[in-house]
Amino acid sequence: MPNLESNFAGIKSPNPFWLASAPPTNTGYQVMNAFKAGWGGAVWKTLGQPIVNVSSRYGALSYKSTRMMGLNNIELITDRSLEVNLKEMKEVKEKFPNHALIASMMFEKKEEWHDCIKRCEDIGVDGFELNYGCPHGMCERGMGSAVGQNPDVCEKITSWVTEKATKPVIVKLTPNISDITKPALAAQRGGANAVSLINTINSVTGINLDTMDPNPTVSGLSTHGGYCGPAVKPIALNMVSELTNHPDFKLPISGIGGVETWQDAVEFFLMGASTVQVCTAVMHYGFRIVTDLIEGTSGYLDSHKMHSVGELCGITAKKLKKWEELDLNYKVIAHIDPEKCIGCQLCYIACEDGAHQSISVIPGQRVPMIKEDHCVGCNLCSLVCPVDTCISMVKIETGKSKITWKDHPANPLAKVKAF
Ligand SMILES: Cc1cc2nc3c(=O)[nH]c(=O)nc-3n(C[C@H](O)[C@H](O)[C@H](O)COP(=O)(O)O)c2cc1C
Ligand code: SF4
Ligand code: SF4
């Protein structure tokens, strides 16, 4: 049986599955229920100066039969007083001393950060998460993503915190930036012990076509919100891998964004995260999903004869290279399994209109035919085919040895190198 115990930058927890700072960590009642259900840690809903929230505040993208594929919110940080939050956090820590309780914070002034750090340490929190990611409301007041988008400010505020805190400091990054490595390296320079990513992505999820009001509506108006849930996982995985693969970045990573199942969590570990945090899936399905995360990850480790999540960390990130390093002579072509094909012709239409005209439909025949000499191996037909594993991509031997763009004769830079 693998050991799921986690030590993330010095923060210990029974497992690497934490609740992200968000509505599921609003209150002590919720966090205690989550710990009872099996969550290893919780990042409390961000503490800060008193704010007021709007109503309504969530919008969602439902795609065909999938509800809430992406969730959007225009909510701010906690709207409860610091005193109430600290009292409940203390109760949680007393009842669950071995679970990780992280205080997420967002302030403007150095003295405010220092005061909150002291008060949180007094009630026994295990670490801090600095919210440099909130993409609405708080950034207009110079906080949240306004910090995460400016590496100098990110470094400065992180150093204010690290000069005071005696517990580990995690910097939570915003994805609303073109190069995620810049604020991550700034956080490292500021003395952070770890980073977490991603916070939510700027978005407008939709418009009510009857009223022409944007979602979520606040008396007919709205504002751009933060996008999260299953739809954002590919963006989060890429950003996590960019940090894992950066030669100068050395901090542990807590992966966030679209984690719902154990497979999602394992993907984040393979990209280099050593814990994961979850928000939308818990808002959708409740705390109970942690059972799947624990059992599924344990089973996966067992099946790979591994003993801990640490053994997975970053394995796949190493396989992400620059495009110029890929083998141009590697070739696959599509193959249709005639036993599985239902004759829907979706593959034909996709290839004919949207790809390389490499599939023929023969009158009277249910199964389309791949024109093997034309097929460029783009994958499109296998992606649109509604029958699982009906179209597979089969490697063919070209007899040619590996060549990358880096060394290709048509690459002017490669030629320069050759001389
Ligand atoms: C309604 C809502 C409120 C959130 N509030 C906070 C917050 O106060 N502090 C914070 O750091 N992140 C906040 N987040 C972002 C989440 O912690 C998380 O980074 C994001 O939702 C991506 O994870 P997910 O795809 O599992 O939801 C919030 C997200 C949602 C949906
Ligand atoms: S892999 Fe691409 S090119 Fe080949 S048959 Fe399918 S869609 Fe057409
Ligand atoms: S999409 Fe799949 S099932 Fe439909 S015709 Fe093509 S191979 Fe057959």
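**View 1. Strand β15 and its antiparallel partners.** β12 (residues 201-203) and β15 run antiparallel and are joined by three bridges. Here strands are DSSP runs of E with at least two residues, helices are runs of H or I with at least four residues, and both are numbered from the N terminus. Two strands count as paired when DSSP finds at least two bridges between them. Look for Ile201, whose bridge partner in β15 is Tyr227. β15 itself covers residues 225-228, and it also pairs with β7 in the antiparallel sense, again over three bridges. On that side, Asn72 stands opposite Tyr227.

Before you go on, a word on the model: it is predicted, so local features need pLDDT of at least 70 and side-chain atom pairs count only at pLDDT 80 or more, while totals for chains, interfaces and linings use all residues. Residues are numbered from 1 along each chain as its sequence is written, and chains are lettered from A and ligands numbered from 1 in the order in which they are written.

View 2. Zooming out, you will find 13 helices and 21 strands. The chain is divided into domain 1 (6-319) and domain 2 (323-418), with bounds from an automatic or database domain assignment. The C-alpha centres of the two domains lie 39 Å apart. Along its principal axes the C-alpha trace spans about 75 × 60 × 45 Å.

View 3. A residue is near the ligand if its C-beta atom, placed from the backbone, lies within 6 Å of it.

View 4. Ligand 3 is surrounded by 13 residues, the closest being Cys341, Cys344, Leu346, Cys347 and Cys385. Its shell has 11 nonpolar, two polar and no charged residues.

View 5. In α6 (residues 181-189), the buried residues are Pro183, Ala184, Leu185, Ala186, Ala187 and Gln188. Buried means that 20 or more other C-beta atoms lie within 10 Å of a residue's own, exposed means 12 or fewer, and partly exposed is in between, with C-beta atoms placed from the backbone. These buried residues pack against α4 (145-148), α5 (151-164), β10 (169-172), β11 (194-197) and α7 (233-244). Just after α6, Gly191 takes a positive phi of about 95°.

**View 6. Asn193 and its contacts.** Asn193 is found in the loop between α6 and β11. Asn193 counts as buried because it has 21 C-beta neighbours inside 10 Å. Not counting residues up to four places away in sequence, Asn193 touches Ala9, Gly10, Pro168, Val169, Ile170 and Leu251; a contact needs C-beta atoms, placed from the backbone, within 7 Å. Val171 is 22 residues from Asn193 in sequence and 8.1 Å away in space, C-alpha to C-alpha.

Terms used: Two residues are in contact if their C-beta atoms, placed from the backbone, lie within 7 Å. Ala, Val, Leu, Ile, Met, Phe, Trp, Tyr, Cys and Pro count as nonpolar, Asp, Glu, Lys and Arg as charged, and the others, Gly among them, as polar.
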